[in-house]
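Got a model open and wondering where its labels come from? Let's take them one by one and set each value against its cut-off.

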Amino acid sequence: MHILPVSFALFTYTGYWRPVYWPVNSIKYWMYNVYTSFMFTLLQSFVVYGLVDTLLSDSLQEFVDKLYLFLSVFGVSIKLVHLFIRRRQIIGLGEMLLKENCIPRDADEASIQKKFDRNARQVAIGCEILNEFCAFMATFAQFYPFLKTRTLPVYNWAPFDLSSLAAFVSMLIYQSVALCLCANSSVAHETLIAGMMIQICAQFEILCHRAHILPTLLMGAEKKSVSEQDLRARERLIIRDLIQHHLYVYKFAYTVNAVFTLMLFIQFSLSSFVLCMSVYKVSHMESLLTFHFAYTFSYLASMLIQLFLYCWYGNEVTLKSAEVRNAVYEMNWTTLRVRVMKDLTIIMMRASKPFRMSSGHMVTLTTDSFTSVSILEIILSRG
């Protein structure tokens, strides 16, 4: 994909996104399908394995300790099923950004697009580092203690006898690899959604830039016109292009929300529940200088950042869509003709109702939503 290269690269490496440009009759196309089947089976087996181990817990405390991790793994499984189902629509989102209206037309617009692409890349890399650190602290960093005490990093139950060293090491590697797979897949999905929101913001800012230079374009059209009729035609083309771009950005935003709204709601719900249990666990830890604390704290941080990304960039989309009205208002209206002013009022009226990203059409993604959820989680964990 030409957008969000880090997110799609993570999906490709983990086996859940076959590159679009690969021909159907190539060997690598079919080999990758085999790789996808293997990785998907690995993840689903880890989900089933976690469910069985959670249900076999000996006490309520052990059940809660295992449940919060199982829900995260189960959430990753749902994300990937959603990715497979929505593959065509996600490819379509990338193609929408290749339309003539969305492509930068000058150095300023190219700079705007580059700025937001860099932001999306930094977010993806930062989330990947945090999640990989969390998975590493839970697995590979404790390999020696695990081997010494014959304990497993995630789940204790196994479908076969672990008395032999070979069987134990095999299960240890299986859980470690599966957990790292979950971490990478989760990062790819959450940065895909956040990245799409970033692309919406980029298009709104490009639209604002075009609104700011509209008087200059109209003055240039007036100089090039040979008659009043020719001037009217040139003005209509310029205004129509701005209006069409505005409507197209809204269409892209609505499409992004429609593709991911159900997944946003499921992720929002699961993450909120898991965060409550994570805060509770961290608050009851006695020692802070342990691998377990580092893992739990980094896990809590990654879940908080996941929700924060959705809420922050959802809020940014709303703010950027509202800026379009200000951009039109701040034009040099003194140089505009009355008929042009009437056309611009249409854009201002449409921009007076900012676009809002929602989670399952129930929760609006704003910074206020994140603050409310965070406060509620702290209250519930202490209660």
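Q: What volume does the largest cavity have?
A: About 290 Å³. Keep in mind that this is a predicted model.

Q: Which elements supply the lining of the largest cavity?
A: Two or more residues each come from α3, α5, α7, α9 and α10 (291-329). Helix α3 has the largest share, with seven residues. By type, the lining splits into 14 nonpolar, seven polar and two charged residues.

Q: Why is E205 called buried?
A: The cut-off for buried is under 20% relative accessible area. E205 comes in at 16%, so it counts as buried. You'll find E205 in helix α7, which covers residues 165-212.

Q: How do you know that the side chain of E205 makes a polar contact with the side chain of K320?
A: The pair is 2.7 Å apart, and the limit for N or O atoms is within 3.5 Å, so the distance passes. K320 also turns up among the contacts of E205 once neighbours within four places in sequence are left aside, along with I112, K115 and F116.

Q: Why does N257 count as buried?
A: Its relative accessible area is 6%, and buried means under 20%, so N257 qualifies. N257 belongs to helix α9 (residues 228-283). Leaving aside neighbours within four places in sequence, N257 is in contact with L264, F355, R356, M357 and S358.

Q: What makes helix α1 mostly covered?
A: Seven of the ten residues in α1 (residues 5-14) are buried. They are V6, S7, F8, L10, F11, T12 and T14. The cover over them includes α2 (27-55), α3 (60-85), α4 (87-96), α5 and α7.

Q: What comes just after α1?
A: That's G15, with a positive phi of about 95 degrees.

Q: What is the volume of the second largest pocket, and which residues are closest to its centre?
A: The volume is about 170 Å³. Closest to the centre are H2, I3, L97, Q113 and Q199, from a lining of 13 residues. Elements α5 (107-138) and α7 each give two or more residues to that lining. Sorted by type, the lining has eight nonpolar residues, four polar and one charged.

Q: Where does the "transmembrane region" label come from?
A: From UniProt, in an unreviewed entry, which places the feature at residues 32-52, 67-85, 123-144, 164-187, 252-280 and 292-313. Such annotations may be inferred rather than shown by experiment.

Q: How much helix and strand do residues 32-52 and residues 164-187 hold in the model?
A: Residues 32-52 are 100% helix and 0% strand, with their end C-alpha atoms 30 Å apart. Residues 164-187 are 96% helix and 0% strand, and there the end C-alpha atoms lie 35 Å apart.

Methods: Residues numbered from 1 in each chain as written. Predicted model: local features only at pLDDT ≥ 70, side-chain atom pairs only at ≥ 80, totals over all residues. Heavy atoms only, no water. Helix = DSSP H or I, 4+ residues; strand = E, 2+ residues; numbered from the N terminus. Buried < 20%, exposed > 50% of the residue type's maximum accessible area, 1.4 Å probe, protein only. Polar contact = N/O pair within 3.5 Å; in protein donor to acceptor, adjacent residues only side chain to side chain. Contact = heavy atoms within 4.5 Å. 1 Å grid on protein atoms, 1.4 Å probe; cavity = no way out; pocket = protein on both sides within 12 Å on 5 of 7 lines; lining within 4 Å. Points joined across faces, edges and corners; volume = space filled by probe spheres on them. Nonpolar A, V, L, I, M, F, W, Y, C, P; charged D, E, K, R; others polar.
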